[in-house]
Amino acid sequence: MVTDAPSRKANRAAFLESDRIRTLDLPQDGRLLTIAQSIESAMKAGKSPDVYRACAEFLAATSAFYRVPTSTVRVLAARPLRVRENWATELFGDYNPETMLVRVWMRTAVRKQVTSFGTFLSTLCHEFCHHLDYQRFGFCDSWHTRGFYERSAVLYHHARGTPPKRLFWAAVPGGRWRIDWPRTNRGK
Ligand SMILES: [Zn+2]
């Protein structure tokens, strides 16, 4: 994971704010965990309509919790040919800010490998965080900042019921950051 390069003047303040917000409020009950578990069992059973229903329920619950308009979802069998070019790093989903539609797909484009549940849920959380950027934080764009990745990870670990990991970052040229996995895995 590498962050986007800092944006130019006009959007710089919002970019920095996105970078700075490293966490999210979380529901204090187990509702997201329960829904995530139903996504997992539907995936295991290979029942696409159930995967869709559970994803829609997940986005309805998260949208309600964060008091934003409900984001809709489409679950696709395979990656569509046309995806947002500037978000090419996203292999398993995308988000359209105009329609507030999240798309996630269950197979990769080239090798048609099945997406693992962890990757699928992480993608759903990632795309929902793009929705939050526009609808909750009011950003004019949704950048992949350190804050963005951390907010997505907080939501993912909460929904998955796994302990959140502190992310460590290493600078790369061009004002970008990548996750320092050895340090992140060591936790220091
Ligand atoms: Zn993204």
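Visitor: Why does Phe128 count as buried?
Guide: This is a predicted model, and in it Phe128 has 0% relative accessibility. Buried means under 20% relative accessible area, so Phe128 counts as buried.

Visitor: What makes Tyr66 buried?
Guide: The relative accessible area of Tyr66 is 3%, and the cut-off is under 20%; therefore Tyr66 is buried.

Visitor: What makes the aromatic pair of Tyr66 and Phe128 tilted?
Guide: The ring centres of Tyr66 and Phe128 are 6.0 Å apart, with 40° between the planes. Tyr66 lies in the loop between helix H3 and strand E1, and Phe128 in helix H4, so the pair ties together parts that are 62 residues apart in sequence.

Visitor: Why is the pair of Phe137 and Phe139 stacked?
Guide: The planes of Phe137 and Phe139 are at 20° and the ring centres 5.6 Å apart. Planes under 30 degrees apart count as stacked, so the pair is stacked. Ring pairs also link Phe137 and Phe139 with Phe15 and Trp143 into a cluster.

Visitor: Why is Phe137 called partly exposed?
Guide: Phe137 has a relative accessible area of 22%. Phe139, at 5% relative accessibility, counts as buried.

Technical notes. Residues are numbered from 1 along each chain as its sequence is written. This is a predicted model: local features need pLDDT of at least 70, side-chain atom pairs count only at pLDDT 80 or more; totals for chains, interfaces and linings use all residues. Side-chain values use heavy atoms; hydrogens and water are left out. Rings of Phe, Tyr and Trp (its six-membered ring) pair if their centres lie within 6.5 Å; planes under 30 degrees apart count as stacked, over 60 as edge-to-face and the rest as tilted. Helices (H or I, at least four residues) and strands (E, at least two) are DSSP runs, numbered from the N terminus. Buried means under 20% relative accessible area, exposed over 50%, partly exposed in between (1.4 Å probe, protein chains only).
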